[in-house]
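The entries below follow the order in which I looked things up.

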Amino acid sequence: PENLILVENSETIFSFLRKLLNQRSLKMDSDRNTGSTLEKLAHGNEAIWLQLGMMWESLMDLKKAQHCFDNALRHNPYNTKALTQVASICRLQEQYGQAVQYFNRIIDIDKQNGEIWGAVGHCYLMMEDLPKAYHAYQQALCHLPNTQDPNLWYGIGVLYDRYSSLAHAEEAFRAVLNMDANFEKKNEIYLSLIHI
């Protein structure tokens, strides 16, 4: 029960977790008998920073969340959860170039992650780099276990539309509506279909 502390707001939670992190670091610094102790410290720090990031993200404070995820990556640059979260934050903030850098680090770790390939395709599409968007969407289709994702097909439809490949764009847009009749961008699809 000595660790049981009532917290009134998110700032108090953040302060408490930082103190806990610092205490843990000090305790581990005083006990440097083996390399495994340092590895445990790094793993523990990584986990705490990841949890802090998730907390801040749930509170919609993306700046603090990104800071925490970046700290988790300092302890383990191959943490795909932290990489995914930072990339997603960059994508939400329309920092597509940065998002691509983080997503590509995940792809370097797992080249068969279809979900990440789809996210990269979206970023390249937003950056107007159509050849790279095409390649990323192609990889997503190859590696996704279920390709029936309306967001993916909407992106593919937009890509074909920008390439002026109207028959393929129409096919992709119709696939979106078949998958989800209430798709959030259905009005944009109908407008595109009228022009095609």
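**Trp56.** I looked up Trp56 and found a buried residue, because its relative accessibility is 2%. Buried here means under 20% relative accessible area, exposed means over 50%, and partly exposed lies in between, with a 1.4 Å probe and protein chains only. Trp56 sits in helix α2, residues 35-58. I then took the C-alpha to C-alpha distance to His67: 9.7 Å, at a sequence separation of 11 residues.

**Ground rules.** I note that this is a predicted model, in which local features need pLDDT of at least 70 and side-chain atom pairs count only at pLDDT 80 or more, while totals for chains, interfaces and linings use all residues. Numbering starts from 1 along each chain as its sequence is written, and side-chain values use heavy atoms, with hydrogens and water left out.

**Whole chain.** I counted the secondary structure of the protein chain: 10 helices and 0 strands. Helices are DSSP runs of H or I with at least four residues, strands are runs of E with at least two, and both are numbered from the N terminus. The element order from the N terminus is α-α-α-α-α-α-α-α-α-α. Of the 196 residues in the chain, 38% are buried. I also checked contacts between residues at least 6 apart in sequence: 45% of them join residues at least 24 apart. Contact means heavy atoms within 4.5 Å.

**α3 against α4.** I took the pair α3 (residues 62-75) and α4 (residues 80-92). Their axes come within 9 Å and cross at roughly 150 degrees. That angle makes α3 roughly antiparallel to α4. The axes are lines fitted to C-alpha atoms, for helices over the stretch in contact, and angles run from 0 to 180 degrees between N-to-C directions. Angles under 35 degrees count as roughly parallel, over 145 as roughly antiparallel, 65 to 115 as roughly perpendicular, and the rest as oblique. The crossing of α3 and α4 is left-handed, a term for a near helix turned anticlockwise from the far one by less than a right angle, with clockwise giving right-handed. On the α3 side I listed Leu62, Ala65, Gln66, Phe69, Asp70, Ala72 and Leu73; on the α4 side, Ala82, Leu83, Gln85, Val86, Ile89, Cys90 and Leu92. These contact residues divide into 11 nonpolar, 2 polar and 1 charged. Nonpolar covers Ala, Val, Leu, Ile, Met, Phe, Trp, Tyr, Cys and Pro; charged covers Asp, Glu, Lys and Arg; the others, Gly among them, are polar.

**Gln85.** I went back to Gln85 of α4. Is Gln85 buried or exposed? Gln85 is buried, at a relative accessible area of 11%. Leaving aside neighbours within four places in sequence, I found Gln85 in contact with Met54, Glu57 and Phe69.

**Cysteines.** How many disulfides does the structure hold? I found 0, a disulfide being a pair of cysteine sulfur atoms within 2.5 Å. For Cys90, the closest cysteine sulfur is in Cys123, and at 8.9 Å that is too far for a bond. Cys90 is buried, with 0% relative accessibility. Cys68 is buried too, at 0%.

**α8 against α9.** Next I took α8 (residues 150-162) and α9 (residues 166-179). They pack at an angle of about 160 degrees, with axes 8 Å apart. The two helices are therefore roughly antiparallel. Their crossing is left-handed. The α8 residues in the contact include Trp153, Tyr154, Ile156 and Tyr160, and those of α9 include Leu166, Ala172, Phe173 and Val176. The contact of α8 with α9 divides into 12 nonpolar, 2 polar and 1 charged.

**Ile189.** I moved on to α10 (residues 186-195), where Ile189 is placed. Ile189 is buried, at 0% relative accessible area. Beyond neighbours within four places in sequence, Ile189 is in contact with Tyr154, Phe173, Val176, Leu177 and Phe183. From Ile189 to Phe173 I read 6.2 Å, C-alpha to C-alpha, and 16 residues in sequence.

**Positive phi.** I looked up Glu128, which has a positive phi of about 65 degrees although it is not a glycine. Glu128 lies in the loop between α6 (114-126) and α7 (130-143). Glu128 is partly exposed, at 48% relative accessibility. Ser164, also not a glycine, has a positive phi of about 65 degrees. I placed Ser164 in the loop between α8 and α9. Ser164 is exposed, at 58%.
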